[in-house]
Amino acid sequence: MNVPFLDLKAQYETIRDEIAEALNAVLESGAFAGGPFVEKFEREFASFCECEHAVGVNSGTTALWLALQGLGVGPGDEVITVPNTFIATAEAISLTGARPVFVDVDEGAYTMDPAFLEGAITPATRAIIPVHLYGQPADMDPILAIARRHGLLVIEDACQAHGARYKGKSVGSLGDAGCFSFYPGKNLGAYGEGGAVVTKHRSLADTVRMLRDHGQSQKYYHSLIGINARMDGIQGAVLSVKLKHLPAWNAARRWNADLYNRLLADCPVITPPYEPDYAEHVYHLYVVRTPNRDALMAALKDQGVHCGIHYPLPIHRQKAYESLDLPLGQYPVAEASAAEVLSLPMYAELTQEQINLVVHKMRTTSAGMLAPVGCASAV
Ligand SMILES: *Cc1c(COP(=O)(O)O)cnc(C)c1O
């Protein structure tokens with residue numbers, strides 16, 4: 001038996017008829033670029049996020065970029081984020097002309113460590129972007145308190161965390177804006193590209209609506225220099241269908257994570273993910289930590305178990321950001337985790353049998369590599 005890292009087809013098979021109907025409605029209406037299917041999804045997604053407004057765009061990267069731009073972030077500004085995220089978080093900052101500034105993350109949760117924030121704030125700082133990494137909310141209360149004290153904006157990168165909760169509240173609704181990606185592999189994935197900005201600020205929603213559509217306030221009358229970043233009608237219709245299933249899919253991911261946790265609990269070379277009391281994690285990724293990660297991942301692949309690494313190189317060590325001149329050793333928690341994190345297969349349709357197999361192969365393989373401290377004896 002093979003265990004893929006992700007199986008989009010398994011999910012599609014459960015919603016095939018609903019999707020066919022939704023696609024057909026778009027084809028019959030001709031509403032392909034923006035339009036009523038996108039507007040319907042925006043209303044539903046705003047309500048799902050417990051936010052007044054949602055604006056659909058063409059990717060999560062664009063959502064972050066237009067949210068920053070809509071909040072007035074630009075050249076000369078600094079925006080604080082974390083180095084252990086997908087490159088898009090930093091790219092969106094750079095695309096506005098602002099400079100990304102990094103702070104290290106919490107050892108157990110891998111999200112922004114609020115203890116480092118005040119040390120990173122300068123007179124040029126305008127905003128903070130905490131990342132709800134892997135589906136786990138960052139510790140928002142201290143981040144929001146520091147932001148308030150210094151007059152800074154907070155933009156949540158919730159691209160991996162649709163439906164995650166912080167102290168009972170939906171992520172995306174906590175700061176000035178929340179940005180989501182509907183890349184096919186995300187917990188809520190389009191059949192193509194997509195993204196959204198959610199916000200409680202009507203003025204920001206209006207500005208992002210204009211920016212995504214060439215800065216138009218009225219057709220062919222352009223108040224701002226924008227871009228074409230509209231969401232496709234087809235994606236709006238697909239996302240409306242899938243949003244109805246998202247709570248059940250997230251619950252299945254949490255159930256799968258719980259099973260992994262129990263099966264891996266007594267394994268000394270594998271550290272399962274940690275979920276703080278404030279968090280309801282939605283396990284976009286189920287990430288363990290283990291020494292000898294690369295060898296373990298390769299050996300698992302040979303046995304048909306496909307894992308991932310999120311992410312192998314922190315942003316401050318990427319060639320694209322060498323001009324920031326941030327040396328190795330600057331963010332020790334993020335750097336050490338990059339060498340040891342391993343993402344196991346995770347999706348709602350993963351079966352108990354598949355999870356048992358992944359854990360069995362991990363136990364036998366890691367024990368063979370690391371004897372005598374391995375854990376095969378527990379199998
Ligand atoms: C996926 C992702 C993005 C970017 O989303 P796209 O839709 O791929 O542009 C941004 N930030 C994080 C943390 C992501 O995982």
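Which residues form one aromatic cluster with Phe41? The members are Phe41, Phe45, Phe48, Phe180 and Phe182. Please select these residues to begin the tour.

The model is predicted, so local features need pLDDT of at least 70, side-chain atom pairs count only at pLDDT 80 or more, and totals for chains, interfaces and linings use all residues. Residues are numbered from 1 along each chain as its sequence is written, and side-chain values use heavy atoms, with hydrogens and water left out.

**Aromatic pairs**

A pair of aromatic rings is described by the distance of the centres and the angle of the planes. Rings of Phe, Tyr and Trp (its six-membered ring) pair if their centres lie within 6.5 Å; planes under 30 degrees apart count as stacked, over 60 as edge-to-face and the rest as tilted. The count by this rule is 12 aromatic pairs.

Select tyrosine 12 and tyrosine 191. Their ring centres are 6.2 Å apart and their planes stand at 85°, so the pair is edge-to-face. Tyrosine 12 belongs to helix H1 (residues 8-29), whereas tyrosine 191 lies in the loop between strand E8 (177-181) and strand E9 (195-199), so the pair ties together parts that are 179 residues apart in sequence. Helices (H or I, at least four residues) and strands (E, at least two) are DSSP runs, numbered from the N terminus. Tyrosine 12 is partly exposed at 27% relative accessibility, and tyrosine 191 is partly exposed at 35%. Here buried means under 20% relative accessible area, exposed over 50%, and partly exposed in between (1.4 Å probe, protein chains only).

Return to phenylalanine 41 and phenylalanine 182. With ring centres 5.4 Å apart and planes at 80°, the pair is edge-to-face. Phenylalanine 41 is in helix H2 (residues 36-48) and phenylalanine 182 in the loop between E8 and E9, 141 residues apart. Both residues are buried.

**Strand E9**

Next, select E9. Five of its five residues are buried, so the strand is largely enclosed by the rest of the structure. Gly195, Val197 and Thr199 point one way, and Ala196 and Val198 the other. Strand E1 (residues 53-57) runs antiparallel to E9 and is joined to it by five bridges; valine 57 has glycine 195 as its bridge partner. E8 is also antiparallel to E9, with four bridges, and glycine 178 stands opposite valine 198. Two strands pair if DSSP finds at least two bridges between them.

**Nonpolar cores**

A nonpolar core is a set of buried Ala, Val, Leu, Ile, Met, Phe, Trp, Tyr and Cys residues joined through side-chain atoms within 4.5 Å. Select Ile80, Phe102, Met112, Leu117, Ile128, Tyr134 and Met140, which touch the most other members of the largest core, a set of 39 residues. Strand E3 (99-102), helix H5 (117-120), helix H6 (140-150) and helix H10 (332-340) each supply at least two residues of this core, and H6 gives the largest share, five residues. Domain 1 (8-103 + 111-240) and domain 2 (246-369) both contribute, so the core lies between them; these bounds come from an automatic or database domain assignment.

Another core, apart from this one, has 26 residues, including Trp65, Leu68, Val79 and Ala205.

**Isoleucine 355**

Finally, select isoleucine 355 in helix H11 (residues 352-370). This residue is buried, with a relative accessible area of 0%. Leaving aside residues up to four places away in sequence, isoleucine 355 is in contact (heavy atoms within 4.5 Å) with Asn256, Leu259, Tyr260, Leu263 and Leu350.
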